[in-house]
Amino acid sequence: MNWSELLASVSPDELLNGDTDILDGRAERSSLNGFSTAAAGSSIGDRCAASSFGSVKKIGLNDLLPENVSGNRGKSLQGWRFELEEPEKGTPRRSRRSAAANASQIRLTRDADRLELKKGDTVLVSSGSGPPDVALIRDIGFGTDTFLDVRVLWFMRRSEASDDVLPEDSRLENDVFLTPIVEKIRLDDIVGPCTVLSASQFAAVSLDSSNSGSTFRCQRFSDRDSYFSDPVDWDDYVSRGTEYVYERVRELAIPPRQESPRKKKRIDTPTQQKTHKTASPQLVVLSDSEEIDLEDLDSAYESPLEDKPKRRERKRKPRTAQKPAKSSSPSKSTPRSARKANNSVPVLPTVIRQKFFEDDNELVIDDDDLQEVVDTDGKVVKTFRKAKEKLLPSAKLQTLPCRDQESSQLYGSLVDAILSQQGRCIYVSGTPGVGKTATIREVIKQLFVNLANDNDKKMFNYLEINGLKLMSPPAAYEALYHKISGENVKAGAALDLLERHFETRDETRLPLVVLLDEMDQMVTKNQTVMYNFFNWPTYENSKLIVVAVANTMDLPERLLTNKISSRLGLTRIQFPGYTYAQLSEIIKHRLEKIERANENKLVISKDAIEFASRKVASVSGDARRSLVFCVRALEIAEMEFLSKPQQERDALHGRFTVGIVHVMKAVNEATSTPLANYLNSLSFAAKMVLVAFLLRRKRTGSAELPLGEIIDEMNNQFGMVLFSELKRQLSHEQLEMLEVLYGHEKSRLRVDGLGSTNRSYFVPTKNGMAVLLNPLVCRYQSLTELRVDLRVRSNMNSTATASLATRGSMFVNSASPPRSQMENVISVVLILMERSI
Amino acid sequence: MTVSEPEQNLELLRRRVLANLSNRTSSGLAKVRLHNVEMEQVQIYKMLENTIKFNEGKSCLVIGPRGSGKTTMVNNALLDLQERFPNMFYVIRISGFYQSDDKSAIKEIARQLDWHLLRHSGNWNVSFERFSANETMNSVMSVLDGSQLMEGKDQNGDNDEMQMPIIFVIDELDRYTNDAKQTLLYNLFDVAQSSSNSHAVAVIGLTTVTGVREQLEKRVKSRFSQRVIQLTKPRQLAEFCDNVYCMISVDPDDFDPLMFDLAQKYNAHMKMLLGGPSELRKLVVHNFYTVKDLNILKSQLTPYIAKMDMTTFSGGPIINVNTNNRSFQILQSLSELELKLVICAGRQLLKNSMDQVNFNIAYEEFEKISSSQTNTLNSQLQTMGRVKLDSAHHSRDLMLACWERLIYYGLLVEPIRQINGINSSFYTGGESNKMFHLDVTVEDVARLFRHKDWVTKWCRI
């Protein structure tokens, strides 16, 4: 078959579409080598180049192939010729797809020994050392980076598997096991033909020295690791063609489905690579041009659905080079990985994600306490799970409800700025949890999609800087410069470089959108960081768009100097707190899909949602908080459901409603202070100190009291109050109250080791706690204990201005709490004491 | 009640009990039995299990007074998890006492991540810890934070791969609230609440401060999962006794079958002691009504168990941790001159109602009193006959040495003044002008030495 025949078999439009690459590649090489295309010495190469060169100009191609590929072409095909089998008459070969289908009809012939290879043949492939590997040719096609792709399915030799995993009946020396591992091989590596027979045929063949190395028996499939399928009829498979074999081996060579296939895939990957490593690295070194298609290796386990597009893509550029670019890659990849090791951020190892609940309806029960929860209950648990996932603040959402106005405003100004290639500042403010960052990210995502469509290239770059995620404000320069240039420099140098960068005129520069989250944390004393970030957008050529986010509406006026707030401009977007209607809208939006999907198995009642959103809206309008309440309510409901007896659960038929009660519980849990509990659990002495403190303060009216006075007060109380109940209890234990409280010396209570008792103070602190301040580091554990126990709140937030207490420090506070509140506290404490003593 | 058992069995039992008491609960290497916190432990376990299984990020605060078993409880939960999900998560522990600011905490996180990574992969080349704090922060955040919108990264890529879940345990969380920015807490809570499919982080904060939630900055508070688990001290005496029993009893199943009986007998005996009138019971009750602190009880019980006669289970001596008389004991050991100096200092404080006293004041008083005493003595002698007594003269240097010894003993204490945590006492004067607090009062001295005549005299003002 010569070139003209080949051309004849290919339709003109195919030439125009698919074959342009190879022709072009030829042309390029021809021009480089001055028509010395015979370098490869291949008969195909010669003819191909000679006859196709004329058509190159006619087609007018652009260069798509890298030079080294075309330069090496032909080498691997040396000594081989191929022929394309005629397609069936009458089927016009129009599409590339049909070409692809037909391409697998290629038949290869080795010049040296007239060895003929076609799809479905079994061959011995040199493995570098040891006995050659056995392979089944899956197909031969025109490749993307080699001229001809020979893709094979590997057999595993008996010697590659350890005896303990091998099935009993397959331990013959000539046993091989077909694996679903697909790999491309080089023609050079093919040693010769071999025969793989079924068990029955193999028995009929007599082995001697002439054929023992090339005759094999295949009874089973394997995953190349430790799994072996049940015996199969090899003859049957061969007769049905290679594609069928491939499909079957993929199914059979995977351990039975007690685990999900996806999981299996993950587990397999490492082993797969391991085996691949054992076989091919030597090949790479020795033959220097072994083609390993890792992609194919991976796709071996992938579903046919995923496989098909890939193949189609490959066929888009058929009949290109024969020589892979791989030969250069080992040397290239080493320095890259070395560099990576120094500079890149380490990556944490990944773990296999446990699919405890499969996407389909089967439920994998893996939990001890869920063991008894079967069928319907399991589904409920699963829906709980799903609902929770949706409600968590981290859930991925398609759209953000209730922020339409703000996002359109933002979108408008960003589009305007990007298209006009002008710098701009936008200031966004709002209390925590009202969706500022989420909205901006959403808008940026939309922009990426919408603006990129114009010419298939992105129109702007994007960077996020969070003021609270930086250790110091100037680190923002480093982050910005890293984004611009990809280099890591120190903050000072980065500032200079940035200054220069934004000053210079660069037509090709893309606009850069910078999101400055938590901007107020980037304010330094002289505010240079802020100044610079708002100054650069004013440069003519900077094309820098800054979106600054902070909590307070008037931050520019309050915190920043005039020169900065004037640069900030007037584009300000205010995110008001969510109203309760909006909050419930958000929750409903998140739950929408679930309720439809689970056939109302799990319902969160409207009242409950309303309650949660009203509770939050009245305080802060923080969406995060309302979501957290709902999640917690779900958890409480789940607990309640699981703790119900089995009959009741059955009676529910897997239906469960999360009501207002659950939400109430969740809200209470989150808002109640643990203080009452805490006070209740104090020891008698600690409570006594507290009472003495409050009583004494009530009497004197001063906010801070010396410890000595409190001790005095305590002594007085012990003398005055009867504590009959306590005394009775103690006498029951054969103890006396005063002995217990005063120790054995029976002197009056006195605090030792505090330096002097008159210099320790109880002071209400900023957050409403009383703190014992003493000028010495406490020497004794019991006193340390007292100190900690006495941090008791007395609701004085508004008036007490004393600042916090470090051990051994003293501060003066300026105001005393309102009387009424103190009396409140005292009565509460007294009640508590009465109850517990 | 007597037990006839081989000596080594008894010793083994004793060692087990002492190991329980020895306070090594926070290392997290072995489970420590706790009483009455099962519910809380299950809650923490469930939360972390959800993080590992379903990538659900959560943050949670555990609040409770010292010695209530916060750390131990979390450790127990982590040990359970480690058993069930071996090598499927990392635990990173930081403590507000050891890593006192955000920077060093970030460094410590990076270091521990490195350690985990090295253990996992044996790769020395990569490291989270960098030279500069900024870069360390960046590298740590890059693995923790999955929420940042990056260019060219498919956000919706729903892959099965998931980064190792990380569990942060922050001891003394309140320390990190002192900083105005609260960077560490912000970041940890943020990554926890934005945990996605690929990044799962759980944060457990332990603190003794009841009102720590109010101390969180508003942004931090918004990102916190609002989950608080509170541990309190037992309210009832019976409950407290159960706690103590849990502490000093042993689990019979831990021993080999031969010792099963012995362990049970021991437990029964301990239960009886705690239930009925006994020295042990008295100790527990005393503790319950005053400090209610298991840790103190532990140290008191250690000699009790160590000296216990194991054949009869009769306990050793109970050491009273009496904190009330340290200064008095020192007073009794003082030399006469030192005691005089103490009295003089005390007199001055009392007379002039001062806070602090320095050597010069005390010495002046000392001279005055001693000379007046010699004078009275001399006048008395004079009336009796013509004998004159030279006043015993003590040099200033000698007295200064005494003064310094008092400082060394801790009877005179230097006042510490701090403003915003910085020691603000700067003193440039000479040694004899430095002001001190006196740890005792003149009344104390008079009462303590009421049998010595001269002390009573000196103390009389």
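## Paired strands in chain A

In this predicted model, strand S1 (residues 80-84) of chain A runs antiparallel to strand S2 (residues 106-110) of chain A, and five bridges join the two. Within this pairing, Leu84(A) stands opposite Ile106(A) of S2(A).

S2(A) also pairs with strand S3 (residues 116-117) of chain A, again in the antiparallel sense, this time over two bridges, and here Leu108(A) is found opposite Leu117(A) of S3(A). The hairpin made by S2(A) and S3(A) has five residues between its strands, and in this hairpin Arg114(A) takes a positive phi near 60°.

## A helix of chain A

Helix H25 of chain A covers residues 623-643, and its 21 residues reach 30 Å from the first C-alpha to the last, which is close to the 30 Å expected at 1.5 Å a residue. Because 16 of the 21 residues of H25(A) are buried, this helix is largely enclosed by the rest of the structure.

## Chain B and one of its loops

Chain B contains 18 helices and ten strands, and 41% of its 461 residues count as buried. Of the contacts in chain B with a separation of 6 or more, 73% are between residues 24 or more positions apart.

Met354(B) lies in the loop between helix H14 (336-352) and helix H15 (359-384) of chain B. Is Met354(B) buried or partly exposed? Met354(B) counts as partly exposed, because it has 14 C-beta neighbours inside 10 Å, whereas a buried residue needs 20 or more. Leaving aside neighbours within four places in sequence, Met354(B) is in contact with Gln348(B) and Leu349(B), while the C-alpha atoms of Met354(B) and His437(B), 83 residues apart along the chain, are separated by 9.7 Å.

Notes: Residues are numbered from 1 along each chain as its sequence is written. Chains are lettered from A and ligands numbered from 1 in the order in which they are written. This is a predicted model: local features need pLDDT of at least 70, side-chain atom pairs count only at pLDDT 80 or more; totals for chains, interfaces and linings use all residues. Helices (H or I, at least four residues) and strands (E, at least two) are DSSP runs, numbered from the N terminus. A residue is buried if 20 or more other C-beta atoms lie within 10 Å of its own, exposed if 12 or fewer, and partly exposed in between; C-beta atoms are placed from the backbone. Two residues are in contact if their C-beta atoms, placed from the backbone, lie within 7 Å. The expected span of a helix is 1.5 Å times one less than its number of residues. Two strands pair if DSSP finds at least two bridges between them.
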